[in-house]
Amino acid sequence: MKQFIANKIRESIAVKEAICQDEPLLNTIRLVAESITHSLQTDHKVLFCGNGGSAADAQHLAAEFSGRFYKDRMPLYAEALHCNTSYMTAVGNDYGYDQVYARILRGIGREGDVLVGISTSGNSANILEAMKVAKEQGMIVVSMTGSTGGKMKEGSDYLINIPSTDTPRIQEAHITVGHIICEIVENNLFGA
């Protein structure tokens, strides 16, 4: 059992090592942090969406921006779009689950806002629909996916495609990359 545990940790480390060796991906992470910084500097917001574990990741990262990360500083406008259960169940029932994120973006998304869609497969129908609306409204679209990018690859301004096909390892890397982006943005806005 100890060997099994150690092997799982090594698998997670291997994915992160692969990210470290991927210059284009590292540059994309930097560009996403710059884009989010600019959006927040110009009084816009960062909106996150995902399903299942990726919804939890969306909520986690939104909280790092809106609450605090390392610094005791002003809150930043960031939110996960799934947190209103009444909204999610009503829209899912009345319009279909593929519309839950698209519909809310029609109401609150504005040009210059950033949408961060998180999906390990890159094929989540409700996130794909949200991306279409975000593009129509002039939002910046960031996709956090697994290795292929799935269908989300095409509609993304920035694709953070973690070099793995193993869902738990992808999710672990999403949080690591998300934390790095939070730290860069916080340093950009409030000093290193």
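Which residues of E3 lie on one side and which on the other, and are they buried or exposed? On one side of E3 stand Val114, Val116 and Ile118, on the other stand Leu115 and Gly117, and all of them are buried, which leaves both faces of the strand covered. Here buried means under 20% relative accessible area, exposed means over 50%, and partly exposed lies in between, with a 1.4 Å probe and protein chains only. Helices (H or I, at least four residues) and strands (E, at least two) are DSSP runs, numbered from the N terminus.

The model is predicted, so local features need pLDDT of at least 70 and side-chain atom pairs count only at pLDDT 80 or more, while totals for chains, interfaces and linings use all residues. Residues are numbered from 1 along each chain as its sequence is written, and side-chain values use heavy atoms, with hydrogens and water left out.

E1 and E3 (residues 114-118) run parallel and are joined by 5 bridges. Within this pairing, Phe48 has Val116 as its bridge partner in E3, and Leu47 has Leu115. E1 also runs parallel to E2, with 3 bridges joining the two, and here Leu47 stands opposite Glu79 of E2. Between E1 and E2 the chain passes through helix H3 (residues 53-66), and this β-α-β crossover is right-handed.

Val114 stands opposite Ile140 in E4. The chain gets from E3 to E4 by way of helix H6 (residues 125-136), in a β-α-β crossover that is right-handed.

On a 1 Å grid over the protein atoms alone, a cavity is a set of points where a 1.4 Å probe fits but cannot get out, and lining residues have an atom within 4 Å of a point. Grid points are joined across faces, edges and corners, and a volume is the space filled by probe spheres set on the points. The structure holds 1 cavity of 30 Å³ or more, and the largest cavity has a volume of about 70 Å³. Among the residues lining the largest cavity are Phe48, Val116, Phe65, Met144 and Cys182. Two or more lining residues come from each of H2, H3, strand E4 (140-145) and helix H8 (167-190). H8 gives the most, with 3 residues.

Some loop residues are also worth a visit. Arg73 lies in the loop between H3 and E2, and it counts as buried because its relative accessible area is 12%. Its side chain makes a polar contact with the side chain of Glu186 at 2.9 Å. A polar contact is a pair of N or O atoms within 3.5 Å; within protein, one must be able to donate a hydrogen and the other to accept it, and residues adjacent in sequence count only if both atoms are side-chain atoms. Leaving out residues up to four places away in sequence, Arg73 touches Glu64, Phe65, Gly67, Arg68, Glu186 and Phe190, where contact means heavy atoms within 4.5 Å.

His82 sits in the loop between strand E2 (78-80) and helix H4 (85-94). With a relative accessible area of 16%, His82 is buried. The side chain of His82 reaches the backbone oxygen of Ala55 at 3.5 Å. Neighbours within four places in sequence aside, His82 is in contact with Ala55, Ala58, Gln59, Met88 and Tyr101.

Although Asp43 is not a glycine, it has a positive phi of about 65 degrees.

Note on methods:
Pairing = 2+ DSSP bridges. Right-handed = clockwise from strand over helix to strand, strands pointing away. 1 Å grid on protein atoms, 1.4 Å probe; cavity = no way out; pocket = protein on both sides within 12 Å on 5 of 7 lines; lining within 4 Å.
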